[in-house]
Amino acid sequence: MSADNQLRFVVEPHANPTPADQIAAKLANPVFGRVFTDHMVTIRWTEGTGWHDAKVEARRPFEIDPACAVLHYAQEIFEGMKAYRGEDGKISLFRPQANAKRFRESAQRMSMAELPEAVFLEAVEKLVDIDRAWIPGTEGSSLYIRPFMFASESFLGVRAAHEYIFCVIACPVGPYFKPGKSAVTVWVSDQYTRAAPGGTGAAKCGGNYAASLIAQTEASGKGCDQVVFLDAAQHRWIEELGGMNVFFVMDDGSLQTPPLAGTILPGITRASIIEMAKRDGLTVNETPYEFAQWQADAASGRVKETFACGTAAVVTAIGQVRHAKGEFTIGDGGEGPVTKRIRDQLTGIQRGKVADPFGWVHHVA
């Protein structure tokens, strides 16, 4: 069908779905990104036709030509979101409309076909519904959902592709970082940058993450869990971590976070924390923050806590910071009370344990 609003999903259930006992075994201790559900959703886009062939089908490999555009010119975007099973058994998503909007904006920046937000949401709901048996109910676990899109046209030439495939897959997950750690250690990269003004920093595209991997490898070699990137021009200003935004808790009770200026991914968890904090009467300053100042403020006690946030890790305290010239500790090196309160409030809303005054929770029928 040529009109996007006329899309009808054809549902073709898996002929041999995973038995319930095997699902239960896989959900017992899910490793992040290793175990996948039975189904996937696919929609195709072709120039002149638009979005078509919407399917819910058994998860399977893609068959692509060696000249497939994504393999050569990296036109690819994705999202990360979660489905939760509440104590009452109800299944919910957290702010999926925000993911749909960001996905469309990423597509626009990467010169790709823009998927209507309502279609994005319907695709996610259909996958969650057919694979709801895979959604764990244990504390700290959830169903991680990965919508993505790539250029599928077979051609060699530097231009925007004329064909795309949108897909949604999912995997049950536990905590992103190793259990038992109250705070993570980060490495501040003074050699590599994640994004530059005018680049793709605000888009959720695979290329941004590919460019960050060498710095993440460097961080791991220094015994760190994550890397912190500084600005591309001066290597002075803190921007974000390899896959998360960052907040600083100051001694006056305010929060500070780097501003969105095109080089930082506009995190949905980040936006939620800002809104929650303001509703609770906290001052939130979205202003540039220099790495040297962070180090000085940690030493003087002006910075009481620092935490990272994102869909996968949710809210995670940063306890120690390492860099080329040494290291320093934030507070007592563990999770501070403000970080804990924000994490508990956010995860409580996501899991239906705390009232949702914002209308963020989206139930899946």
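This is a predicted model: local features need pLDDT of at least 70, side-chain atom pairs count only at pLDDT 80 or more; totals for chains, interfaces and linings use all residues.
Let's start with the backbone. Most residues other than glycine have a negative phi. Strand β3 covers residues 50–58. Asp53 counts as partly exposed because its relative accessibility is 46%, and the cut-offs for that class are 20% and 50%.

Arg95 isn't a glycine either, yet its phi is positive, at about 50°. You'll find Arg95 in the loop between β6 (91–94) and α3 (96–109). Is Arg95 buried or exposed? Its relative accessible area is 17%, so Arg95 is buried, given that buried means under 20%.

## Helices α3 and α4

Now for some helix packing. Two packed helices are described by the angle between their axes and the distance between the axes. For α3 and helix α4 (residues 117–130), the axes come within 9 Å and cross at roughly 125°. That angle is why α3 is called oblique to α4, since roughly perpendicular runs from 65 to 115 degrees and roughly antiparallel starts over 145. As for handedness, α3 and α4 make a right-handed crossing.

Which residues meet here? From α3 come Pro96, Gln97, Asn99, Ala100, Lys101, Phe103 and Arg104, and on the α4 side they meet Glu117, Phe120 and Leu121. Sorted by class, this contact of α3 with α4 holds 5 nonpolar, 2 polar and 3 charged residues.

## Helices α6 and α8

Here's a second pair to look for. Helix α6 spans residues 268–279 and helix α8 spans residues 337–350. Their axes come within 11 Å, crossing at roughly 110°. With that angle, α6 is roughly perpendicular to α8, because the range for that label is 65 to 115 degrees.

On the α6 side, the residues in the contact are Thr269, Ser272, Ile273 and Met276. They meet Ile342, Gln345, Leu346 and Ile349 in α8. How many charged residues does the contact of α6 with α8 have? None: it divides into 5 nonpolar and 3 polar residues.

Last stop: Ala160, in the loop between β7 (142–151) and β8 (163–173). Its relative accessible area is 29%, so Ala160 is partly exposed.

What does Ala160 touch, leaving aside its neighbours within four places in sequence? Gln75 and Ser111 are its contacts. Ser111 is 49 residues from Ala160 along the chain, but the C-alpha atoms of the two are separated by 6.2 Å.

Key: Residues are numbered from 1 along each chain as its sequence is written. Side-chain values use heavy atoms; hydrogens and water are left out. Helices (H or I, at least four residues) and strands (E, at least two) are DSSP runs, numbered from the N terminus. Buried means under 20% relative accessible area, exposed over 50%, partly exposed in between (1.4 Å probe, protein chains only). Axes are lines fitted to C-alpha atoms, for helices over the stretch in contact, and angles run from 0 to 180 degrees between N-to-C directions. Angles under 35 degrees count as roughly parallel, over 145 as roughly antiparallel, 65 to 115 as roughly perpendicular and the rest as oblique. A crossing is left-handed if the near helix is turned anticlockwise from the far one by less than a right angle, and right-handed if clockwise. Contact means heavy atoms within 4.5 Å. Ala, Val, Leu, Ile, Met, Phe, Trp, Tyr, Cys and Pro count as nonpolar, Asp, Glu, Lys and Arg as charged, and the others, Gly among them, as polar.
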